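This report describes strand order and helix packing in a predicted model.

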Amino acid sequence: MTGAESLLQALLANDITVCFMNPGTSEMHFVSALDRTPELRGVLCLFEGVCSGAADGYARMTGRPAATLLHLGPGLANALSNFHNARKARSPIVSIVGEHSRQHLEYDAPLSADIVAFARTVSTDVCVARSPDELPRAITQSVRAARRPPGQVATLIIPADLSWSEAPEPGPPVSPQARAVPDGARVCEAARLLKSRKSTGVLLSGSAALARGIDAAGRLAAAGARVFVDRNAARLASGRGRFQPTRIPYFPEPAQELLSGLEHLILVEAKPPVSFFAYPGLRSELAPGHCQMHVLAGFEEDGVAALESLADECGARRASPVTMEPHPDQDSIGAIIAELLPENAIVSDEMVSSGGEVTPHLVAAAPHDLLPVTGGSIGQGLPVALGAAVACPERKVVALEADGSGMYTLQSLWTIARERLDVTTVIFANRRYRILEIEMRRTGAHGFGPIADRMIDIGDPALDWVRLAAGMGVSASRAATGSEFRDQFDAAMQVREPRLIEAVLPF
């Protein structure tokens with residue numbers, strides 16, 4: 001058995017059945033071994049940032065790692081942006097990076113790089129296999145690290161000669177590590193705070209933002225608790241009929257106003273909330289300075305079990321029925337999406353500046369999973385949708401994508417078409433980096449002169465998303481009015497194939 005075959009067999013033994021890849025010369029033996037290991041699905045991506053983002057989307061929907069296969073240091077460097085987002089999402093990923101053969105390393109060839117240094121920016125565990133005999137141990141270490149709660153990017157670096165050398169059989173599968181259940185003392189203390197007359201809130205993130213955690217939080221809310229959710233949580237159970245915790249606003253002023261008066265904040269797989277950026281004259285912390293933080297469950301602990309125990313301790317037995325008030329402007333793009341979104345859909349959100357016009361409507365859509373921006377590194381929306389569709393082929397996936405950020409990982413559309421994935425992409429085409437127009441004013445940078453304006457204008461020449469999508473093999477159309485968008489989005493929801501709609505804003 002070669003090292004490449006040993007690696008693929010080890011991945012399968014650990015229930016890692018998908019590898020998003022952009023291989024090069026040093027990984028050819030792994031590619032060749034795919035024909036002898038057909039149970040492992042290789043998904044080719046045309047850019048490494050698509051590989052890392054797709055693995056993130058896959059992990060968010062399954063809770064299990066996918067693998068990525070990348071070529072040397074530059075290949076990993078191209079993937080770092082979406083590995084950053086995956087790290088913030090706490091997604092389990094086994095990132096396999098090929099290295100030059102050991103005898104070639106001394107020559108400082110053109111593609112030589114410090115792969116370990118690149119990997120450490122996004123991985124808490126980096127393992128270098130140094131001999132064929134080490135390979136089984138190295139694979140086991142990386143799988144175990146990726147699956148350690150709450151999940152992480154684990155990087156495994158394999159010199160090319162190990163892939164073609166004889167290697168031992170893979171080691172035994174790694175046993176899943178259960179999340180620790182927080183001790184009862186923390187539950188009792190949180191219950192005491194919620195029962196007191198002090199102003200106390202609960203902040204959810206991680207697994208606590210999934211359906212079971214939301215249900216338990218709904219019980220607490222019915223008993224009078226104020227419940228919030230991290231706007232950058234990796235996955236949020238949303239839609240009508242579900243309890244809807246209040247998402248922390250993006251900008252600090254409304255977020256600080258929302259949390260004003262809180263004396264205590266109970267953190268459930270969450271960290272104390274801070275603003276995305278610093279602004280002149282504003283605090284970075286969003287909760288009041290006097291607000292005390294209490295950890296009910298850490299990142300690596302079972303926040304869902306802790307919430308359920310807390311609801312029991314507070315005597316909150318049943319959540320009130322959830323009713324959604326009609327949202328104004330029912331003919332807007334957000335209202336149309338919410339009305340037509342099918343039940344159990346997955347929504348990948350990278351709308352950026354358009355989010356404020358759409359997200360409030362989604363709480364009234366059919367029950368769905370929302371995959372928000374996590375680390376803020378641009379270009380996650382399309383790859384995350386791709387990975388989610390591979391993970392959940394029976395579910396409709398909708399990518400809500402800004403035109404500027406969509407250009408970072410446009411190549412995702414090619415893989416979506418190649419794999420025939422049921423992904424509908426909506427491009428919010430405002431022909432500008434609109435969020436930067438907002439931030440220019442907020443930061444006190446005193447724009448816009450004509451030169452500065454050109455730095456955020458992406459409408460000259462205008463991006464033609466219909467032709468871009470067609471060039472990637474995805475059927476596409478353009479909507480310039482609300483009625484056109486309604487007809488096109490409705491048609492896309494009726495079929496199981498890749499579609500793209502360029503929504504030219506405003507309309």
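In strand β18, L500 is the bridge partner of A476. The two strands concerned, β17 and β18 (residues 499-504), run parallel and are joined by 5 bridges. They belong to an open sheet of 7 strands with mixed pairing, ordered β9-β14-β13-β15-β16-β18-β17. Because β9 (236-238) and β17 (475-479) each have a single partner strand, they stand at the edges, and one side of each is left without a neighbour in the sheet. On average, and with direction ignored, neighbouring strands of this sheet are turned by 20° against each other.

Helix α14 (residues 381-391) packs on this sheet, and its direction makes about 175° with that of β15. The strands that α14 touches are listed below.

| Strand touched by α14 | Residues |
|---|---|
| β13 | 345-350 |
| β14 | 368-371 |
| β15 | 397-402 |
| β16 | 423-429 |

A further packing arrangement involves helix α3 (residues 48-62) and helix α4 (residues 72-89), whose axes come within 6 Å and cross at roughly 25°. The two helices are therefore roughly parallel to each other, and α3 passes α4 in a right-handed crossing. On the α3 side, the contact is made by E48, G49, S52, G53, D56 and R60. These residues meet G75, N78, A79, N82, F83, N85, A86 and A89 of α4.

Note on methods. Residues numbered from 1 in each chain as written. Predicted model: local features only at pLDDT ≥ 70, side-chain atom pairs only at ≥ 80, totals over all residues. Heavy atoms only, no water. Pairing = 2+ DSSP bridges. Helix = DSSP H or I, 4+ residues; strand = E, 2+ residues; numbered from the N terminus. Axes fitted to C-alpha atoms, helices over the stretch in contact; angles between N-to-C directions. Contact = heavy atoms within 4.5 Å. Parallel < 35°, antiparallel > 145°, perpendicular 65-115°, else oblique. Left-handed = near helix turned anticlockwise from the far one by under 90°.
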